[in-house]
Amino acid sequence: MPVLSVFNGKDFCCLLGMAGIYIHIPFCKSRCRYCDFYSTTMLGKREEYVRAVIDEAELRRHYLGGETVSTIYFGGGTPSLILAEDIRLILNRLRELFKVTGEAEITTEGNPGDLTKDYLCELHEAGVNRLSIGIQSFSDDKLRLLGRRHTGEEARRSVTRAREVGFNNISIDLIYGIPGESLQDWQEELRQAISLNIEHISTYCLTYEEGTRMTDMLKRGEICAVDDETENEMYAILVKTLSDSGFYRYEVSNFAKPHQHSHHNSAYWNGTKYLGLGAAAHSFDGKSRQWNKSDIDAYMREVEARNLQPEKEDLTDTDLYNERVMLGLRTAGGIDLGQLSAEEKKHCLHEANRFLTTGHLIIDRNRLTCTDKGINILNLITEYLMQ
Ligand SMILES: C[S@@+](CC[C@H](N)C(=O)[O-])C[C@H]1O[C@@H](n2cnc3c(N)ncnc32)[C@H](O)[C@@H]1O
Ligand code: SF4
């Protein structure tokens, strides 16, 4: 069944002319063994950091060129380590500085261990209307191995509590391919996830990042990586199980109930402008990317001196085309052929032809999209279509 049969790209189109804001909260109580995202365990700096983020928003109030902001996303690190009152402060200031729509999707990531009923209530009252909970696994053994600070029971309870306080848009993160995990284990993880009746699931195949504890353990032979074939089977189980339960795959690793996809993440894949605030946050203005220092002290010093010095990469037309291909093919919205120049479209369709005739690609409403069959050879198709 083509992916487009459950998602016709319309939801992506409605994002055009809209922009997003990402706020990076780089604090973690402890570092998980697998993770190499930028964060610090020096929680004493949170208050000062929140002030710096608000100051940065003021400094960069013109970055989005007056475009309407339809999504705001607090990511981490662990956003649930800052006070709900601070989230409210940041949101209020963003509403003063930018044109934020009344129906904006406002997401906060949270760790199950932090999500008490009071905290969830305050977040909801502060205007957060979508929650992304870093569950990773429901198995205490696997959570211990990953170095997470919550249990399976806490994970389940955090979802129930969020529902009770009024969140009606809940996503969870799950990791598969954890050492020792069998196909049956993974099936059981999915069964538990589905039983929570959530709207959205983001999945991650465990990767061994250089410099992490997990990679050291692998090198020392203390753990054994799951082999590629098993990982592929786990992915196939994931797609089949979630699809049988009413989720649609709108991006290779992201699954949602109808119309409950993440607008913020879709904007990343769709070439929409976004402003990234905070240490290590990335921004995109349609032509270039820039990113703040991955060092909280250096970042705060630059903001205080009103002299932000982000790294910057200008994107050529070829870079932009290649990104459209790479990101578009991963999504159910596909590549919007209307956004390509005449020359790019000619190249794209010429290369796509061999995959159109074999049923790996389809064109629907001027969008070139991978079918389910095509997703299985996504890398090959992407290589052909890129310039
Ligand atoms: C950077 S985290 C932020 C969310 C939050 N801090 C948490 O841990 O719940 C975003 C997600 O990336 C995933 N992730 C991070 N490192 C990973 C790795 N090495 N392999 C697979 N997934 C990873 C985890 O599922 C995590 O929920
Ligand atoms: S996975 Fe999340 S909580 Fe764990 S170290 Fe990374 S950012 Fe922090």
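Modeller: Ligand 2 is surrounded by residues that include Cys 28, Arg 31, Cys 32, Cys 35 and Phe 37, a residue being near a molecule or strand if its C-beta atom, placed from the backbone, lies within 6 Å of it. This is a predicted model, in which local features need pLDDT of at least 70 and side-chain atom pairs count only at pLDDT 80 or more, while totals for chains, interfaces and linings use all residues. Residues are numbered from 1 along each chain as its sequence is written, and chains are lettered from A and ligands numbered from 1 in the order in which they are written.

Colleague: How do the residues of the shell around ligand 2 divide into nonpolar, polar and charged?

Modeller: In this division Ala, Val, Leu, Ile, Met, Phe, Trp, Tyr, Cys and Pro count as nonpolar, Asp, Glu, Lys and Arg as charged, and the others, Gly among them, as polar. The shell around ligand 2 accordingly holds four nonpolar, six polar and one charged.

Colleague: Which residues come nearest to ligand 1, and which elements give two or more residues to its shell?

Modeller: There are 16 residues around ligand 1, and Tyr 34, Phe 37, Gly 134, Asp 173 and Tyr 204 come nearest. Helices (H or I, at least four residues) and strands (E, at least two) are DSSP runs, numbered from the N terminus, and the elements giving two or more residues to this shell are strand 4 (130-136) and strand 5 (170-176).

Colleague: Which residue is joined to Gly 76 by a cis peptide bond?

Modeller: Most peptide bonds are trans. Here, in the loop between strand 2 (68-76) and helix 3 (84-97), a residue is joined to Gly 76 by a cis bond with omega of about 15°, and that residue is Gly 77.

Colleague: Is His 259 buried or exposed?

Modeller: His 259 lies in the loop between strand 8 (254-256) and helix 10 (263-269), and its phi is positive, about 65°, although it is not a glycine. A residue is buried if 20 or more other C-beta atoms lie within 10 Å of its own, exposed if 12 or fewer, and partly exposed in between, with C-beta atoms placed from the backbone. Because His 259 has 10 other C-beta atoms within 10 Å, it is exposed.

Colleague: Where does helix 13 bend?

Modeller: Helix 13 (residues 342-357) has 16 residues and reaches 22 Å from its first C-alpha to its last, close to the 22 Å expected, where the expected span is 1.5 Å times one less than the number of residues. The bend at a residue is the angle between axes fitted to the seven residues ending there and the seven starting there. For helix 13 that angle is about 35°, and the place is Glu 351.

Colleague: Which residues of helix 13 are buried?

Modeller: What covers the buried residues of helix 13 includes strand 14 (361-364) and helix 15 (378-385), two residues being in contact if their C-beta atoms, placed from the backbone, lie within 7 Å. The buried residues themselves are Cys 348, Ala 352 and Phe 355.

Colleague: How far apart do the C-alpha centres of domain 1 and domain 2 lie?

Modeller: The protein chain is divided into domain 1 (3-269) and domain 2 (317-385), with bounds that come from an automatic or database domain assignment. Between the C-alpha centres of domain 1 and domain 2 the distance is 28 Å.
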